[in-house]
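Hello,

Here is the structure I said I would pass on. My notes on its side-chain contacts follow below.

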Amino acid sequence: MKFVIVFVALFATVMAAADKDAQIVRLDSDVQPLNYQYAQETSNGIKSQETGEVRNLGTEQEAIAVKGSYSYVGDDGQTYAVNYVADEYGFQPQGAHIPSA
C-alpha cells in the first residue's frame, strides 16, 4: 500500500511540475493499515482523489483495489477528467478523451 501512496504523491508532483508556481491548496488524507483515502487540489486547477483497500487479506490473491479520479486543464483550455479503477484486473481508466474498446 505504501507503493500506491508514493505513486500518488509522485503523480501529483509530476503534474504540478508543468507549472512550477503551482501550490497545493487542499490536501485531505486518511491512511489506515488496510485502507486509505485522499483528495487534493492545486492552484493551477489540478484535482485528484482516490480510495484504496486491501482485498483478500492473507491469501495468495491479496491485492490493493483502488478507485479514483483526476482532472486538469489542458494546453487547449479544456478540462480533462479521468475516472479509474486499479485492482487485480489492472488499471482501467475512463474519460471522454480516452478511446474505449
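Phenylalanine 91 is exposed, with a relative accessible area of 52%. The model is a predicted one, and the values here are computed from it.

The ring of phenylalanine 91 pairs with that of tyrosine 84 in a tilted arrangement, 5.6 Å centre to centre and 40° between the planes. Tyrosine 84 is buried, at 8% relative accessibility. The count of aromatic pairs comes to 4. Among them, tyrosine 70 and tyrosine 72 are stacked, with 6.5 Å between centres and 15° between planes. Tyrosine 72 is partly exposed, at 24%. Ring pairs link Tyr70, Tyr72, Tyr80, Tyr84 and Phe91 into a cluster.

On charged contacts, there are 5 salt bridges. One of them joins arginine 26 to glutamate 41, with the closest N and O atoms 4.0 Å apart. Arginine 26 belongs to strand E1 (residues 24-31) and glutamate 41 to strand E2 (residues 35-42), so this pair ties together parts 15 residues apart in sequence. Both are partly exposed, arginine 26 at 36% and glutamate 41 at 24%.

Arginine 55 forms a salt bridge with glutamate 53 at 3.8 Å between the closest N and O atoms, and another with aspartate 87, also at 3.8 Å, N to O. Because arginine 55 lies in strand E3 (residues 47-55) and aspartate 87 in strand E5 (residues 79-87), the latter bridge ties together parts 32 residues apart in sequence. Aspartate 87 is buried, at 16%, whereas arginine 55 is partly exposed, at 32%. Through shared partners, salt bridges join Glu53, Arg55, Asp87 and Glu88 into one network.

Regards

How values were computed: Residues are numbered from 1 along each chain as its sequence is written. This is a predicted model: local features need pLDDT of at least 70, side-chain atom pairs count only at pLDDT 80 or more; totals for chains, interfaces and linings use all residues. Side-chain values use heavy atoms; hydrogens and water are left out. Rings of Phe, Tyr and Trp (its six-membered ring) pair if their centres lie within 6.5 Å; planes under 30 degrees apart count as stacked, over 60 as edge-to-face and the rest as tilted. Buried means under 20% relative accessible area, exposed over 50%, partly exposed in between (1.4 Å probe, protein chains only). A salt bridge is a side-chain nitrogen of Lys or Arg within 4 Å of a carboxyl oxygen of Asp or Glu. Helices (H or I, at least four residues) and strands (E, at least two) are DSSP runs, numbered from the N terminus.
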